[in-house]
Each structure stands twice: as structure tokens, then as C-alpha cells.
Amino acid sequence: MNTPICDFVRGYAAKQPLRLHMPGHKGVGPLGVEALDITEIPGADVLYAPDGIIAESESNAAALFGSAKTVYSTEGSSLCIRAMLYLAQLWAKAQGRKPFVLAGRNAHKTFLSAVALLDLDVGWLSSEGEKQSVVSCVVRAESLDHRLSAMAEKPIAVYITSPDYLGNISEIAALSAVCHQYGALLLVDNAHGAYLHFMSTPRHPLDLGADLCCDSAHKTLGVLTGGAYLHLAKSAPPMLRDAANRAMALFASTSPSYLILQSLDAANAALSDYCIEDIMSTSRRTASLRAALAAEGWTLTGDEPLKLTLSTKPRGYTGVEVAALLERERIYCEFADPDYLVWMVSPQTPESTYDVLLNALRSIPPRSPITDTPPMPGHAEHVLSPRESMLAPSETLPVEQSIGRVLASPGVSCPPAVPIVVCGEQIDEAAVNAFRYYGIDRIEVVREAIIAVNADNISVAGAIHAAAWQASHRSFCTQEFLASHTPERQTGYLREKLLRGSRIFLLLDGSPVALVSVTGSLIEDLYVLPDCQNRGFGTKLLRHAIQQCDDTPTLWILENNTGAARLYERMGFVPTGQRHSFGQLDEIEYQLT
Ligand SMILES: Cc1ncc(COP(=O)(O)O)c(C=O)c1O
């Protein structure tokens, strides 16, 4: 297979040109590679509007992977993930559908920042069976089928991370069949699995029915760090192929690294020449090391052919401890946490490595097994969307002080960037335990925000409504009547209002403290949690509600509610003279002058 980008750049460097263009090193420098580091000069093509050497090289890659189109990234899979989600959003628009994506809960943090940038709706798929770690999330086709069949509004796409960091590969073919049955695209974060196409039985997501996927070529192929592919399958809607470059350009730098582009280009030739046998022999070598380690009493997990994942606690060590012991022997892993240790090999791994690793592990004596299991944060209350939480003012707190607060940052992750709690979720004790377990001491939480109430966070609004309603009616209602206003009942009341077209807003001061509803120009349900009154929250929320009104803001208050009357009058509301009877008390109408 030819290498047009490498050929062009080498040819240019050989001319010993006068480089009166970027970059500033002018082809010389301490790394020794500067002569090959160029920018988009004439003849070098333009990465996201290619019609020359880059277009040719990308066509080579597409032919190798069997895609309808392959686009290069010099900014990793992170860029491709943003582009995939943008394409899913474009597809939703074209279909007149909601941009709603259902994602495995172990999505990389880039997924969350892309969701926030694009303001997508996300639903989460949780792992089945006993969960190994927050890093993994095994989604089975059968349960995806149940979930999708029960949804009135189907997602535009399902997003799966496979292989995951621990080397678990999902049943992509079956998941793809289910997605297509319900009109959803299957998007796969295949950052760890570019090589899977080059197995004797190909296992790459494109081979198994994924519509879009990203591969970090740099993670498993002989490509410089940053080199990645966005692949569009032949099954993907043709309009997405046409939009793929635009999608990448939207998020990418305008100065792509030509070193990385050459590396991707050269990989095409290498992959076409020798690849399958090399990868299969590396896979066999890895399998025999896996068997030898199991025979030595080590516990292994995951089924990815070029990854070795040790579950270290049965041997009496944490993953981090074993990693530290091996570093003394100059053996460096990809990843270690309290439970696991992961090594990645490739055809470039020297043959001697396998024996060195086996001998080093043999020399670590077994101890009494460590029996504790990693904490699994449960399903935290969803308060804000990822976008709302990331754009809200935030503050950093020690994790111990964060219970009840709403997470603002997508970066609170265990080492491989898998969020422990999703930003926008309320932090509970289980989450704090998980933060501590993974060594996270401080986190960023939302300071203050006003957000719209929706189906996801309505129970939070219901709980505030119940607590504040009970407190404000305690002095003149019976105990029984008060007790009947439970959070569930008030949630139901608010849900009805939403269905009838009202809008409801929550004010967060770190955690949710107040709510209000607006129906046309009628303001109702202004409630502040009893402990949080007289701190200006009611005033802020009322101001917000006024801005939402279609016409002259109007509200009704009970005649005995003198505190509320003072607040409204201060804001410019005056009684209209209208009143109606509400049990033994009258309600009085106020309007903004
Ligand atoms: C599962 C997964 N997805 C996406 C990424 C981001 O890939 P990149 O580093 O190529 O941007 C990573 C990075 O480690 C990852 O592990």
C-alpha cells in the first residue's frame, strides 16, 4: 500500500527548502524529527478538507478497515468521540428526532464533555451481573432490547465502550442488531481495539455492525501518540459520511501534526503488509502467558487478545502494590488501581518481555487474599444535565464535605478517566466512599444555578416542595393533612403540571434549595427549604420566574402569608383586588406593576 503523506513530506525535506512558514523550528531542533514536521503547505493537503495526499491516505485506511469512510485524527479518539456525537445529533435533526443517546455508564470523560458541548440528552445503561469496577460496564443485547422496547421515545444512538480498560469486549454484533431494530445507530468507543480488525477472525466493531466508531491507533498499532481514526461503516447513513470532516473540524485544531499524519499513513503500509500473522502470533504469545500466570495462581480477567489484566487481590496485593514491585524491575504497566493491573502488548513487544514478566510475577509470593471489593456508587440523583453542571459556577471542596452537592466536573474519575459520578448528579455517601477508594481528595461542585425541572430531576423538586409546603402550612393545617403531602405526592403534583405545560425551576445553592413554577404568566409554587429561608433564594428565583412570564406576572397568596406578601411587594407586586376562598382562608391575587 502506498504512503502518499510520508512520501510528500520526505520529498519536501530532501529539497532543503527555505521554510518561510510555520512551524518556528524551521526543520531543525533537538528532537531530530523537526525536518519532517511541517504544516499545511501547498501540496500537503488540508486535513479536514482533503483532496490530495491526505484523501488518498485516508482512502487506503478505509480500504484496510473495510469502512465507508475513515477520517484521521491527530488529537486522539477524544476528538473522534466529539465528532461521533455531533454526527448523531445531526442525524437526529435530519430525522426530526430528539438528540438522545443511551450510553454505557463507563463512557470515557470525553463523552461527557462532548455531551455537554452539544447539549445532548443522555440515558445510562448500567452493567449486568456482578460489576468488576467503575471502569467496566457489561451491556447485554437482551437487556438492551428490553430497555429499548419499553422506551416510548427511542434514542438516536446507543454508545458502547468496547473493549473497556480491563479488556472486556462487548457482544457488538448482537447489540448492533438490537439497535438497528429500534432505529438507533450503534456508536462504539473502540479506542483500545484498532487491531481487532486484523485478527484471523476480525472482531473490530466495524466488522460486527457498528455504524460509527473511533480507534486510538496510537494505543495498539505502531502509531505516534495522538493518531486515531473516525470510521463510518457502510451501514451508516450516507449523509454522515459527507459531514464527517465538518464534524472533526468543528472540534479540532487547525494545525494538525504532520508527524502523526505520517505515522498514520505509514501504518497503512505496515498493516497491509504483515499485520494479521504478527497480531495473531502476539495474541497466541499473550494467551500462553495468561495460561502460565493462571498456573502460577494469578487471577486474570478480560478477553481482549492483546491485553493482560490481573485481578491482584486474590494474591493478597493491590494492583498498585504489584505495579510498584514490578517497577523496581523496570517493568511499567498501562494502568493499576486498588484491584487491577493492566499490561498492553503489541507485535512490537520484544519476545523476551513475556518471560521477564512471568519471572517477575513468579517472584511475588502469595499472601492472604484481600477480600474487600471496590465500592460501587449506586444510582445518584440526577439534578442537572452535564451541560448545566459544567457551565454552572463551581467551587472545589474536600470530598468529605461534598455529600448532597452536585458534581460540576466531568474529570472526577478513577485513573483511566471513567467518571465515578456523572457531572450533574448529586453526591451521596456511596460516591464519597468511591472517591476515597480511588484516591480523590477534592472535587468540583456546583455553587449556584437555576435549572429547569424535567423528568430526570422531578423527584428532587418534589422533595423540596413537600418539605417547604409542610413547614409553611404547619401552623394552620392538621397533622394528618400535612403528612399526606409526601415527597412522592408532591412529585406527582409537579409532574401533572409539567404535562399541562407549566415550567418548573429549581435553584441550587450547591444542592437544590428552592423551586417555582410558571404557567403562562402565572407564578406558583415558590418554595424555599425551611433551613434556607431569608437568604435571598426566594428573591432570586422570583426574579427568574418573572423573566419567564408570557405576560404581566401574576400570583396568588394566602391572606395569612405575610412573609411572602412582603417579598412580593418589595419586588413590585400589588394586590389586584381579586380574591377567592381557599378553605377558611382567602387567596389574594397580586400582579407586577
Ligand atoms: C476507553 C477510552 N476512550 C477514549 C479515550 C481517549 O482516547 P485518546 O487518548 O486517543 O484521545 C481513552 C483514553 O485512554 C480511553 O481509554
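**Close-up 1. The residues around the ligand.** In this predicted model, 14 residues surround the ligand, and the closest are Gly76, Ser77, Ser78, Ala191 and Ser216. A residue counts as near when its C-beta atom, placed from the backbone, lies within 6 Å. By type, the shell holds five nonpolar residues, eight polar ones and one charged one. Here Ala, Val, Leu, Ile, Met, Phe, Trp, Tyr, Cys and Pro are nonpolar, Asp, Glu, Lys and Arg are charged, and the others, Gly among them, are polar. Residues are numbered from 1 along each chain as its sequence is written. Because the model is predicted, local features need pLDDT of at least 70 and side-chain atom pairs pLDDT 80 or more, while totals for chains, interfaces and linings use all residues.

**Close-up 2. Helix H3.** H3 (residues 76–95) gives the most to the ligand shell, with three residues. Helices (H or I, at least four residues) and strands (E, at least two) are DSSP runs, numbered from the N terminus. Of the 20 residues of H3, 16 are buried, so the helix is largely enclosed by the rest of the structure. Buried means that 20 or more other C-beta atoms lie within 10 Å of the residue's own, all placed from the backbone.

**Close-up 3. A four-stranded open sheet.** Its order is S8-S9-S11-S10, with antiparallel pairing. S8 (299–301) and S10 (335–336) stand at the edges with a single partner strand each, so one side of each lacks a neighbour in the sheet. Pairing requires at least two bridges found by DSSP. S9 (residues 307–311) and S11 (residues 340–344) pair over five bridges. Look for Leu308 opposite Trp343 in S11.

Definitions and conventions
Buried ≥ 20, exposed ≤ 12 C-beta atoms within 10 Å, placed from the backbone.
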